[in-house]
Amino acid sequence: MKLVDAGSLGAADLEVVRGIYEDGFAPHLRADFAGLLEDRAFALVDDVPIGFAVLRPLADTGWVFLRYFVAGSRGRGVGSLLWSHVTRAMGEAGFTRMVHDVEDPDESGVDADEVVVRNRRIAFYERNGALLLPVADYLPPHGDEEPHPLRLMAVDLDRSPTPPITGEGLRAVVEAVYEHRYGLAADHPAVRRTLVASRLG
Ligand SMILES: CC(C)(COP(=O)(O)OP(=O)(O)OC[C@H]1O[C@@H](n2cnc3c(N)ncnc32)[C@H](O)[C@@H]1OP(=O)(O)O)[C@@H](O)C(=O)NCCC(=O)NCCS
């Protein structure tokens, strides 16, 4: 089993990866598949692709953002394997922290089944060492759609366990993600709103 650059896969394996990606994310959560290969896109391959992850460095912060993370099956440990391969590879590439966002279980109007899935997902990442960050009103832009609330998570790649991320350190994460993942400068109203609601502003 190994983690490979998705761009190096043959056409048939790439179609398997596309299937994993499309099964894992509803259309409104997906970016164009071909465009993902311009970021750092990796497949976990065990004869055939079994997982897919897409990452983007957060400029020169030394941190990397996990854009997409999806296992080809559920509840069989593939997600945990993909997580350990991706975090190891990013640590070896010199990044010190990996940050990602997840859908917020407390979003209003979400049905009970979806709340369970969102909480299970967060539990999965926590079990694998990521912290749910104490950030409120985190609403990154989402194409033409109304932004919806997300939660931020992070894991340090150069130490374990990840110590709590608070105060100035937390503010730096929020600003880095907004700016380098979503293109919003620190003085943008959405960023200000998050910082104020998180008592970081
Ligand atoms: C989240 C995900 C990567 C976990 O991979 P996995 O191979 O199922 O995980 P593992 O077998 O290593 O661990 C099982 C744990 O994963 C989580 N999990 C399993 N199935 C899940 C599902 N359908 N939805 C959300 N989380 C799930 C749970 O925490 C589960 O533990 P539990 O059974 O005690 O609740 C996988 O469910 C997935 O790809 N989901 C769809 C895409 C997605 O939501 N990606 C994350 C976006 S932030």
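Is Y68 buried or exposed? I looked this up and found Y68 buried, with a relative accessible area of 8%, where buried stands for under 20% relative accessible area, exposed for over 50% and partly exposed for what lies in between, with a 1.4 Å probe and protein chains only.

I note for the record that this is a predicted model, in which local features need pLDDT of at least 70 and side-chain atom pairs count only at pLDDT 80 or more, while totals for chains, interfaces and linings use all residues. Residues are numbered from 1 along each chain as its sequence is written, and side-chain values use heavy atoms, with hydrogens and water left out.

**Sheet**

I traced an open sheet of seven strands in the order β1-β2-β3-β4-β5-β7-β6, with mixed pairing; strands (E, at least two residues) and helices (H or I, at least four) are DSSP runs numbered from the N terminus, and two strands pair if DSSP finds at least two bridges between them. The edges are held by β1 (2-5) and β6 (131-132), each with a single partner strand, so one side of each has no neighbour in the sheet. I then followed β2 (residues 40-46) and β3 (residues 48-57), which pair in the antiparallel sense over seven bridges, and found L55 in β3 as the bridge partner of R40.

**Helices on the sheet**

I checked which strands helix α4 (residues 112-127) lies across, and they are β4 (63-71), β5 (97-103), β6 and β7 (150-156), with the helix running at about 170 degrees to β5. Helix α5 (residues 167-181) lies across β3, β4, β5 and β7, at about 70 degrees to β4. Such angles run from 0 to 180 degrees between N-to-C directions, with axes fitted to C-alpha atoms, for helices over the stretch in contact, and contact means heavy atoms within 4.5 Å.

**Aromatic pairs**

My search of the whole structure gave 13 aromatic pairs, counting rings of Phe, Tyr and Trp (its six-membered ring) with centres within 6.5 Å, and calling planes under 30 degrees apart stacked, over 60 edge-to-face and the rest tilted. The ring centres of Y21 and Y68 are 5.2 Å apart with planes at 90 degrees, so this pair is edge-to-face. It links Y21 in helix α1 (residues 11-24) with Y68 in strand β4, 47 residues apart. Y21 is buried at 1% relative accessibility.

I also recorded W83 and Y125 as a tilted pair, 5.4 Å centre to centre with 55 degrees between the planes. W83 lies in helix α3 (residues 78-92) and Y125 in helix α4, so the pair ties together parts 42 residues apart in sequence. W83 is buried at 4%, and Y125 is buried at 6%.
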